[in-house]
Amino acid sequence: MSKDLYIIDSFAVAFRSFYAFINNPLTTADGTPTSAVFGYANTIFRLLLERNVDYLTIAKDMGRENFRHAIYPEYKANRDEMPPELKKQLPILDEFMEISGIPIHGQFGYEADDIMASLCLEAEKQGLTSFMVTKDKDMMQIVNENIFMFQMEKAGVPHTVVDRDYVVNKFGVGPEHIRDLLALMGDAADNIPGVPKVGPKTAAKLLLANGSLEGIYQNTDSLKGKLKENIVNNKDKALLSQELVSLKDDLDLEHSIEDLKFKGF
């Protein structure tokens with residue numbers, strides 16, 4: 001029977017926890033905000049109570065910039081500043097992570113996404129099933145029969161396990177096409193340009209017909225009208241976007257997979 005590895009996407013969980021209480025924020029008696037800390041800890045406690053967690057780790061962003069900014073300085077440039085009430089909680093979150101004893105993975109120059117991808121591929125080689133605790137659609141690129149996304153829902157709502165069928169139902173293509181789909185449609189949240197006026201449905205249709213982004217550009221003669229014009233005139237944007245959304249999945253990991261075996265706090 002396969003053992004299960006769970007990987008916490010640290011900032012994604014903290015951010016979601018903070019906004020879950022945005023209309024009724026939690027504070028200590030002296031006014032220190034604690035919504036993100038409470039929600040973060042509660043997520044981990046619920047995970048341990050409700051799932052079979054054999055291995056557990058946290059993937060953490062280290063600094064605001066990474067190798068993608070060197071490729072495209074405008075990467076995520078449209079993001080608002082972190083709310084000060086959340087920023088105040090980051091040192092407390094760091095302390096919680098440290099005293100929990102849960103191994104933390106973070107590398108300057110890379111994102112938590114890259115760490116999660118590297119962890120999942122290494123765990124797969126060792127026969128583990130991986131669950132990425134995140135709602136980031138970028139991670140759908142590596143979903144397969146041994147790698148899943150695990151989306152924790154509100155109490156009383158069944159959690160969502162993102163598998164291949166989920167990806168196909170949502171985007172019309174399998175995980176093997178998600179990188180190129182994101183390259184075509186872009187991502188406003190990360191300021192990834194994509195190809196103007198190409199949405200998910202058009203991108204999926206093009207990929208199913210041509211197999212890949214490269215295949216689309218090898219068969220532009222089959223396209224017509226405004227779509228052809230947009231595809232041809234924005235090739236540089238599409239290839240840049242493809243590079244930006246591609247996961248770096250071969251990082252040297254700070255801990256071995258065996259080090260991630262959960263033995264309690």
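Contact here means heavy atoms within 4.5 Å. The points below concern a predicted model.

1. Surroundings of Gln242. Gln242 belongs to helix α12, which spans residues 235-245. Leaving aside neighbours within four places in sequence, Gln242 is in contact with Arg179, Asp180, Ala183, Leu213 and Glu214. With Glu214 there is also a polar contact of 3.1 Å between the two side chains.

2. Burial of Gln242. The relative accessibility of Gln242 is 9%. Because buried means under 20% relative accessible area, Gln242 counts as buried.

3. Packing of α2 and α5. The axes of helix α2 (residues 35-50) and helix α5 (residues 90-100) come within 9 Å, with a crossing angle of roughly 25°. Helix α2 is therefore roughly parallel to α5, as angles under 35 degrees are classed that way. The crossing of this pair is right-handed.

4. Residues between α2 and α5. On the α2 side, the contact is made by Ala36, Val37, Tyr40, Ala41, Ile44 and Phe45. Helix α5 contributes Ile92, Leu93, Phe96 and Met97. By class, the contact of α2 with α5 has ten nonpolar residues, with no polar and no charged ones.

5. Backbone at Lys76. Most residues other than glycine have a negative phi. Lys76, in the loop between α3 (67-71) and α4 (84-87), has a positive phi near 60°.

6. Backbone at Asn191. Phi of Asn191 is likewise positive, near 60°, in a residue other than glycine. Asn191 lies in the loop between α8 (175-185) and α9 (200-210). At 25% relative accessibility, Asn191 counts as partly exposed.

Methods: Residues are numbered from 1 along each chain as its sequence is written. This is a predicted model: local features need pLDDT of at least 70, side-chain atom pairs count only at pLDDT 80 or more; totals for chains, interfaces and linings use all residues. Side-chain values use heavy atoms; hydrogens and water are left out. Axes are lines fitted to C-alpha atoms, for helices over the stretch in contact, and angles run from 0 to 180 degrees between N-to-C directions. Helices (H or I, at least four residues) and strands (E, at least two) are DSSP runs, numbered from the N terminus. Angles under 35 degrees count as roughly parallel, over 145 as roughly antiparallel, 65 to 115 as roughly perpendicular and the rest as oblique. A crossing is left-handed if the near helix is turned anticlockwise from the far one by less than a right angle, and right-handed if clockwise. Ala, Val, Leu, Ile, Met, Phe, Trp, Tyr, Cys and Pro count as nonpolar, Asp, Glu, Lys and Arg as charged, and the others, Gly among them, as polar. Buried means under 20% relative accessible area, exposed over 50%, partly exposed in between (1.4 Å probe, protein chains only). A polar contact is a pair of N or O atoms within 3.5 Å; within protein, one must be able to donate a hydrogen and the other to accept it, and residues adjacent in sequence count only if both atoms are side-chain atoms.
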